[in-house]
Amino acid sequence: MGFLNDFVEHQRVKAILVAAEEQIDDKKFEVQKEKLIVRTLELRSEPESVYDHFADRLNSNLAKRVARSSKEAVLRDFAAAGLHNLRSLRIALDDFDRIVGAFEDVLVNSEDAAEQVLRQTVVMWAYIRAGTVKPADFQNSSDLAFAAFRAGSGDEPDRQLERVMATHRDIEWLDPVISTAALASLAATGELDVPTLREPLARHPLVIGPAMTPAWRLLWRWPQLSTMEFAKVT
C-alpha cells in the first residue's frame, strides 16, 4: 500500500488496484484502504451472463434443450444457494450432460424428469463443492428422511442438510429421478453406476407418467396430488 501511495500522492498517477479482498487477512488493510482507495468496484460474472455458454457446450441435444428450457428454475436454485461459484455451475451442467448421455433413451420420454435431475445436480454440486455439505450427507436415506421432515416441519432447521432442503423445497429429495446417493457418488468420485440406476429410472413416476405408476408410489407424493388424483389412489 505504501508503494501504491507513492504513485497516487507524490507522482499524481491514477492507479487501479486489483485484489480479492475477502482473502486479505490483515486488520490494517481496511484502515489503509480508507485513506488511499477512493472508489471500490466489485467485478464478478453473473450466472445469467455465462449460463447460455455453459449450456451450448453440452454434447447431448436433449441436455442442451432441457438446460435452456430450465434456465430460469436452475438459476433460481443457484441463487438461493447463495454460494455464487460459477465453476460448480459449469461442472454440474457437464455432469448432467453425462447423465443424460447415459440415459437419453429413457429421459427423452420426459423432459420434466430430466429437468429434475438437472436442478438437483446443480443444487447438490453448489453445496458439495463449497464444502458446506459432504457427499456422504446425501447418501444415508434415513438422514435424508429426517432432514426432509425437519425442513418441512416449520421449525428452524438446525443442520446444514436440513437448511439445504428447506431452501430448495421443490426439489424431490426423497423420491428423486436419480437417487441422491448416486448423484453424491458422482460428485465425489466421478463414477456413475449406469446398469444399477437404469431400472429404477425407467420406473420413476415422472418417466412413465401417473397412469402407469402404482397407487402406492403416487401416494409418496400425496401433498402434490390434486383432490381428484388423491381420491383415485385411495
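**Figure 1. Asp155 and its salt-bridge partner in the predicted model.** Asp155 is partly exposed, with a relative accessibility of 45%. Its side chain meets that of Arg150 in a salt bridge, 3.5 Å from N to O. Arg150 is buried, at 15% relative accessibility. Through shared partners, salt bridges join Arg150, Asp155, Asp158, Arg159 and Glu162 into one network.

**Figure 2. The salt bridge between Lys71 and Asp52.** The structure holds 14 salt bridges. In the one shown here, the N to O distance between Lys71 and Asp52 is 3.2 Å. Lys71 belongs to helix 5 (residues 71-81) and Asp52 to helix 3 (residues 47-56), so the pair ties together parts that are 19 residues apart in sequence. Lys71 is partly exposed at 22% relative accessibility, and Asp52 is partly exposed at 37%.

**Figure 3. The salt bridge between Arg90 and Asp94.** The closest N and O atoms of Arg90 and Asp94 are 3.7 Å apart. The two residues lie 4 residues apart in helix 6 (residues 86-107), a separation of about one helical turn. Arg90 is partly exposed, with a relative accessibility of 26%; for Asp94, also partly exposed, the value is 26%.

**Figure 4. The aromatic pair of Phe3 and Phe7.** The model has 2 aromatic pairs. Phe3 and Phe7 pair edge-to-face, with 5.2 Å from centre to centre and 80° between the planes. Both residues lie in helix 1 (residues 2-10), about one turn of the helix apart. Phe3 is exposed, at 66% relative accessible area, whereas Phe7 is partly exposed, at 28%.

Technical notes. Residues numbered from 1 in each chain as written. Predicted model: local features only at pLDDT ≥ 70, side-chain atom pairs only at ≥ 80, totals over all residues. Heavy atoms only, no water. Phe/Tyr/Trp six-rings, centres within 6.5 Å; stacked < 30°, edge-to-face > 60°. Buried < 20%, exposed > 50% of the residue type's maximum accessible area, 1.4 Å probe, protein only. Salt bridge = Lys/Arg side-chain N within 4 Å of Asp/Glu carboxyl O.
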